[in-house]
Amino acid sequence: MKTYAIILGGGSGRRMGSDINKIFLPLRGIPAIVRSIAAFTGLCAGAVVVAAADEVDTMRAVIHRCGMDRFVLDVVAGGSERQHSVWNGIQALPQDAECVLIHDGARALVTPDVIRRTIASVEEHGSGIASIPAVDTIKRADKNGLVIETPDRSTLYAMQTPQGFRTELIRKAHEIAQADRFLGTDDASLLEHAGMPVYLCEGDRENLKLTTPTDLKLAELILTMRLEKEENQ
């Protein structure tokens with residue numbers, strides 16, 4: 001199955017307390033977005049990177065400086081919402097794309113194992129959403145904080161990326177969402193809206209999303225531990 005990745009590099013540094021987009025922040029000397037892209041290089045035929053409209057040139061420069069030009073087929077401008085950015089990325093995919101993996105560039109610690117499991121799920125089911133079981137008790141409450149119910153934790157999962165799909169399915173789901181003016185919270189929700197089955201696959205608790213300074217420190221620690229493990233093998 002010919003597989004391509006769409007790496008989303010929009011966002012900001014607001015909650016990170018930075019004046020630059022968090023995906024350009026270095027993790028052990030390498031920009032977070034580059035670490036995200038690099039994880040897909042041995043498993044995908046290429047990638048489309050989606051950047052904030054005013055950062056397309058900056059993104060291209062970072063990709064070039066880090067030697068990712070051959071793998072990154074194009075850098076395209078994103079839209080006003082994540083969903084619009086993904087659609088722009090889908091439009092830039094090559095004609096032979098049978099499977100697409102959509103990944104948040106801020107999840108810079110994604111591993112090849114997670115990517116392989118996502119691809120395998122797409123091959124078997126048509127979709128594969130990296131996810132992890134909920135470990136905390138979850139409550140549903142009204143706007144006043146009154147608890148309505150406590151869902152069964154064994155049925156709850158936290159969504160991660162990549163989220164993988166047969167290309168024709170995610171394209172059709174986007175077209176239906178556009179016709180219905182539906183705005184989903186993630187890529188899988190578009191398939192749900194279109195009445196298409198969505199399958200989960202195993203993610204990784206280290207596949208965290210860089211949002212706050214604490215996340216950045218934790219990511220650095222995880223990378224250090226991974227390096228030490230490799231050196232001791």
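User: Why does glutamate 149 count as partly exposed?

Analyst: Glutamate 149 has 37% relative accessibility. Buried means under 20% relative accessible area, exposed over 50%, and partly exposed in between (1.4 Å probe, protein chains only). The value of 37% therefore makes glutamate 149 partly exposed. This is a predicted model, in which local features need pLDDT of at least 70 and side-chain atom pairs count only at pLDDT 80 or more, while totals for chains, interfaces and linings use all residues. Residues are numbered from 1 along each chain as its sequence is written, and side-chain values use heavy atoms, with hydrogens and water left out.

User: What makes arginine 140 and glutamate 149 a salt bridge?

Analyst: Their closest N and O atoms are 3.0 Å apart. A salt bridge requires a side-chain nitrogen of Lys or Arg within 4 Å of a carboxyl oxygen of Asp or Glu, so the pair qualifies.

User: How do you know that aspartate 74 forms a salt bridge with arginine 60?

Analyst: The closest N and O atoms are 3.9 Å apart, and the limit is 4 Å, so the pair is counted. Aspartate 74 lies in strand S5 and arginine 60 in helix H2, 14 residues apart. Helices (H or I, at least four residues) and strands (E, at least two) are DSSP runs, numbered from the N terminus.

User: Why is serine 131 called buried?

Analyst: Serine 131 has 5% relative accessibility, which is under 20%, so the residue counts as buried. Serine 131 lies in strand S7 (residues 127–133).
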